[in-house]
Amino acid sequence: MQKITAAITAVGGYVPDYKLTNKELETMVDTNDEWIRSRTGIEERRILKGEGLGSSDMAVPAVLEICKKRGIDPSEIECIICATVTPDMVFPATANIIADKIGAVNAFGFDVSAACSGFLFALTTGASFIESGRYKKVVIVGVDKMSSIVDYSDRTTCIIFGDGAGAVLLEVNEEGNGVLDSILKSDGSGSKYLHMKAGGSVKPATMESVLAKEHYAYQEGQAVFKFAVKGMADVSYELMQRNNLTADDIAWLVPHQANLRIIDATANRMDLPKEKVMINIQKYGNTTAGTLPLCLWDWESQLKKGDNIILAAFGGGFTWGATWLKWAYNG
Ligand code: UT7
């Protein structure tokens, strides 16, 4: 009997209209366009403006796009897994709020907190649900409203992050396409380099924590950079080795968009030419859990059935990983 695989059968995405350019950031903090471009590759990022709007408001259009493309009603979705570190609220899970807003009345849902690796962790989890034979339609969302946790007076973090959402539908595939292998890793000792100081159970919100700006993302950029370069490149290479994949076999690398220099280092380690690497960091910045599905969204029309694709990410936690999938349809 042919093993069931879980294949992506549709991709949706959403980015807010507002573009925060490097030029505008120059008016907010002591930085300049040249520094940002050369150190990160970012030119602009999208920001969700508007009172009362959160991550679910970006995820909803992304998921509805999937339903439209596949011609399915939201009531057919069985499970929604939402990767995010900027949920609408600490609880309940944003996945449930998305389900309610789109009318996915038959879906159960939960959130995955794995920062920039969240989409990969959620994708692998969702693929296992499909592979088990128990579920037929699982939606994976990667979304972050990073502008809600970024300190716009801190030039080392505010230049990097942006807002956006991407989503994919996982369905059964019997042709051997879909998610074929993943290597996922976590190391909590890295949490000291990238975290939010207050607002959790250790340090609940107080007037002092707000005044001390402890509800923003804290990052020691250089330390994270060093771990990210090594972690993302090593795990991608390991995934290739254990599946006997050469650079020629791979059609696309889909790397987390945190810094162009980290992307280049990963591509070099895999011996991949630039033309095979999806890069949209210049227009969206680092949307945390949103980067990987937003790349798939931007490139969907160029993807062909049978393409070998490696997705790779590194982020807070630390968390990192790589996933090999064979694309299941012509874009
Ligand atoms: O996605 C989640 C995981 N996150 C990441 O993967 C991010 C990894 N880290 C990075 O991408 C980089 O470390 C940053 C982009 C955050 C910073 O780039 P860097 O090349 O590591 O800069 P740095 O922190 O080593 O700072 C170099 C210099 C410093 O000045 P001095 O001490 O040499 O005089 C900084 O103060 O650049 C200065 N600097 C800036 N200058 C202009 C830091 N930020 C800025 C800025 N504009 N925005």
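## A walk from the aromatic pairs to the ligand

Across the whole structure, a search turns up 11 aromatic pairs. Keep in mind that this is a predicted model. Take F129 and Y135 as a first stop: their ring centres sit 5.6 Å apart with 50° between the planes, which makes the pair tilted. F129 is partly exposed, at 23% relative accessible area, while Y135 has 18%. Y135 counts as buried because the cut-off is under 20%.

Now look at Y193 and F227. Their ring centres are 5.7 Å apart and the planes meet at 35°, so this pair is tilted as well. Here the pair ties together distant parts of the chain, 34 residues apart: Y193 belongs to the loop between β8 (178-186) and β9 (194-196), and F227 to helix α8. Y193 is buried at 19% relative accessibility, whereas F227, at 40%, is partly exposed. Both residues also belong to one aromatic cluster, along with F314, F318 and W320.

The peptide bond joining G317 and F318 is cis, with omega about -10°, and F318 itself sits in the loop between β12 (308-315) and β13 (319-326). There is also a cis peptide bond from F91 to P92, with omega near 5°. P92 is in the loop between β4 (79-83) and α4 (94-102).

While we're on the backbone, two residues have a positive phi without being glycine. K213 has a phi of about 60° and is found in the loop between α7 (207-211) and β10 (217-219). T288 has a phi of about 55° and lies in the loop between α10 (281-284) and α11. What about their surroundings? K213 is partly exposed at 43% relative accessibility, but T288 is buried at 3%.

The buried ones are T291, L292, P293, L294, C295, L296 and W299.

G142 has 0% relative accessibility, so it counts as buried. The C-alpha atoms of G142 and G166 are separated by 5.4 Å, although the two residues are 24 apart along the chain.

Zoom in on the ligand's oxygen atoms and several polar side chains come into view. A polar side-chain atom of R155 is 2.8 Å from a ligand oxygen, and an N or O atom in the side chain of H256 is 2.9 Å from one. For R261, the distance from a polar side-chain atom to an oxygen atom of the ligand is 3.0 Å. Taken alone, the ligand would expose 940 Å², and the protein buries 76% of that.

Terms used. Residues numbered from 1 in each chain as written. Predicted model: local features only at pLDDT ≥ 70, side-chain atom pairs only at ≥ 80, totals over all residues. Heavy atoms only, no water. Polar contact = N/O pair within 3.5 Å; in protein donor to acceptor, adjacent residues only side chain to side chain. Areas by Shrake-Rupley, 256 points an atom, 1.4 Å probe, with all protein chains shown as cover. Phe/Tyr/Trp six-rings, centres within 6.5 Å; stacked < 30°, edge-to-face > 60°. Buried < 20%, exposed > 50% of the residue type's maximum accessible area, 1.4 Å probe, protein only. Helix = DSSP H or I, 4+ residues; strand = E, 2+ residues; numbered from the N terminus.
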